[in-house]
Every structure is written in C-alpha cells, then in structure tokens.
Amino acid sequence: MHLAEISCLVISIVCCAALEQSPSGKSGWTGKLLVVPMDGSHWTGVKAVAEEMGRKGHTVIVVIPEISMRLGPGKHYITKTFPVPSELELFNKVLTKHAHKLTDQSLLESVTSEFNNMKMLFNMMASTSESLFKNQELIEFLRAQNFDAVLTDPALPMGAILAYNLSVPAVYMLRGMLCGLDAAATACPDPLSYVPRFFTQNSDRMSFGQRVWNVLVSVLEPLGCKIIYLSHEDVMSNFLQRDVSLTEILSTGAVWLMRYDFSLEFPKPLMPNMQLIGGINCEIKNPLTKVSITFT
C-alpha cells in the first residue's frame, strides 16, 4: 500500500472516531476534509494525500494564500485562496535567507543565523495566518462546511488554530517541530540522554560533555521558541478571543503523521497516536525502460 493511501486510511479512521464521539443531534459524516498546508517541501506529502482523498470521492478543500512558492490547484481537490499582505519579493527574500548553508560555521554562528532567519520566516507566517483569520467570509464558509477533519502541518500553526476554532479533529503531517513542541504537546518522553537537540550535531550516543551541552540547549529552547512564536500568540489570542498557548492547541491533535522512519533517524520514543510515514515526500518515479544488451 502506498504511503499516501495509508495516510488516507488514518484520516478516515480519525473521522469515524470523531463521528462516534459526536453528541446526538449533530450532523454526522460529511466526507469533507479541510487541508491547510504549509508552503515549500512540506506541501509535497500533504498534496499527495489531498489528491488521493479527493480521488476516492471525498470533498477536499485546500485553503492557500494567493502568494506562495509551490502551493496551487489540483485535479481532485477544491482550492480556496485568500489575499495576503506579503509581496512576492519579500517572500522570495525570506526563503532565500532560510535556505542558506550552515556549513563552515561555528555552532554559535549557525544557531544565531538560523534563529534570525526562522524569526523572520515565522513573522511572515503569522501575517499570513492573520490574513486568513480576518477573512470573515472565508471563515464562515469553512465553518458551514462541517468538515470531518483538518489535515495540516503544525510547523505553520494556522491549520491547527483553525481546527481548534472549528472544533474539528486535526491530523498533523510533519517532519518535526522546533524546541520539541511535538513531544511537549503529546506528553511524549524526550530523554536528553540520547535524543539530540536541534543544532547540536550530536548523535544518539553522546559523551558526558555532549549530554551536558544537550541539556543546556534544551533549557534555552523554550525561550527561543517563545520569541519565534510570539507573533503567532497575538494572532491566536485575537482570533480565539482568549489567551491560549500553542502547546495547548497542538495537544488537541488526533493523529501525528511523522514524515520519517528509524532507518534514517536516531531512535526515540513515540506515542500511540504518532505514525511513521517516512518516504511520503519522495517523488514516485516511473520504472526504468527495459533495454536489451547484446554481447559480441
């Protein structure tokens, strides 16, 4: 079974579970899936699932900004766009800085450079989220659809926030999250003794000194994420009309589809609602043509 089909099966199970738990009087299964993707390579796997769900007869609505790098219409899903204030030149500038190489840099230089780039990128994402949440016409349209589930990448919290507001089960598809937010949101064990932190370049087998550094980085991570997601917190509070943390919103996710597997990753604990789907971002290639070779 192809990984996109497995993801579709998981989403269907989530929808059925939500239907069973719905209170009496509430409309049941609608066969509708809301997709709120993140731009860039994150879109590859999400698009495959959206296309597959649409091909199987479900109504799939994909919400995307008017300005994007890779997001766009598809054959088996409906696209809804919303205007954003970001200009294309600024968008390309941010992406170019984010795609810089971290080689030949010290750890402090790489962390500082990546932190500044991530902050700029997430500020732009927060502006995109705010544009969607202020689009009352589109929000009311989505609310009226009575979706069974929301498929999104929580690295851009826009979809998770929207699912929380609509009271719809969220299915997350992700590669990982900064500061171990995925582990915090799912209450998953994250032992610092052998789970390396971002930017440390440690493996799962660390010396005593590396473990000490791993602990120090983990202590600084919450502060870094607080700064990076600060703009999102304001957007969340304004949209939900109350103070709520990003961890609280992410903790309501029904299933976490993790785009990796332990053949290429360091092993670490997982929770029951975390499913490995490594390889879904790989492009499906056509088989090689058969060529007959004659030896003389």
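Biologist: In which loop is the place of Cys-179?
Modeller: The model is predicted, so local features need pLDDT of at least 70 and side-chain atom pairs count only at pLDDT 80 or more, while totals for chains, interfaces and linings use all residues. Residues are numbered from 1 along each chain as its sequence is written, and side-chain values use heavy atoms, with hydrogens and water left out. Helices (H or I, at least four residues) and strands (E, at least two) are DSSP runs, numbered from the N terminus. With these names, Cys-179 sits in the loop between β5 and α7.

Biologist: What is the phi of Cys-179?
Modeller: Cys-179 is a residue other than glycine, and its phi is positive. The value is near 60°.

Biologist: Which residue does a disulfide join to Cys-179?
Modeller: A disulfide is a pair of cysteine sulfur atoms within 2.5 Å. By this rule the count is one disulfide. Its S to S distance is 1.8 Å, and the partner of Cys-179 is Cys-225.

Biologist: How many residues apart are Cys-179 and Cys-225?
Modeller: The link of Cys-179 and Cys-225 is right-handed, with 95° about the S-S bond. This pair connects distant parts of the chain: Cys-179 is in the loop between β5 (170-174) and α7 (181-186), whereas Cys-225 is in helix α8 (residues 208-228). Their separation is 46 residues.

Biologist: Is Cys-225 buried or exposed?
Modeller: Buried means under 20% relative accessible area, exposed means over 50%, and partly exposed lies in between (1.4 Å probe, protein chains only). Cys-225 has a relative accessible area of 6%, so it counts as buried.

Biologist: Is Ala-187 buried or exposed?
Modeller: Ala-187 lies in the loop between α7 and α8. Its phi is near 55°, a positive value in a residue other than glycine. The relative accessible area of Ala-187 is 61%, so this residue is exposed.

Biologist: And Cys-188: is it buried or exposed?
Modeller: Cys-188 has a relative accessible area of 9%. Because this value falls under the limit, Cys-188 is buried.

Biologist: What is the accessible area of the nonpolar patch that includes Val-212?
Modeller: Val-212 is found in helix α8, and it is partly exposed, with a relative accessible area of 37%. Accessible areas come from the Shrake-Rupley method with a 1.4 Å probe, and for residues only the protein chains shown count as cover. Together, Phe-208, Val-212, Trp-213 and Leu-216 have about 430 Å².

Biologist: Which residue in β2 is the bridge partner of Val-35?
Modeller: Two strands pair if DSSP finds at least two bridges between them. Strands β1 (residues 32-36) and β2 (residues 59-65) run parallel and are joined by four bridges. In one of them, Lys-32 has Thr-59 as its partner in β2. For Val-35, the partner is Val-62.

Biologist: How many residues of β2 are buried?
Modeller: Strand β1 is mostly covered, with four of its five residues buried. Strand β2 is mostly covered as well, and its buried count, out of seven residues, is six.

Biologist: Which residue just after α6 takes a positive phi?
Modeller: Helix α6 (residues 158-166) has seven of its nine residues buried, so it is largely enclosed by the rest of the structure. Among the buried ones are Met-158, Ile-161 and Leu-166. Just after α6, phi is about 60° at Ser-167.

Biologist: What is the relative accessibility of His-232?
Modeller: His-232 lies in helix α9 (residues 230-240). Contact means heavy atoms within 4.5 Å; not counting residues up to four places away in sequence, His-232 touches Phe-122, Met-125, Ala-126, Ser-129, Leu-156 and Pro-157. His-232 counts as buried, and its relative accessibility is 1%.

Biologist: What distance separates the C-alpha atoms of Asp-234 and Ala-126?
Modeller: Asp-234 is in helix α9 and, at 46% relative accessibility, counts as partly exposed. Asp-234 and Ala-126 are 108 residues apart along the chain. Their C-alpha atoms are separated by 8.9 Å.

Biologist: What share of the residues of the chain counts as buried?
Modeller: The chain has 10 helices and seven strands. Its accessible surface comes to about 15800 Å², of which 57% belongs to carbon and sulfur atoms. Of its 296 residues, the buried share is 43%.

Definitions and conventions
Patch = residues over 30% accessible without salt bridge, like charges linked within 9 Å, V, L, I, M, F, W, Y side chains within 5 Å. Salt bridge = Lys/Arg side-chain N within 4 Å of Asp/Glu carboxyl O.
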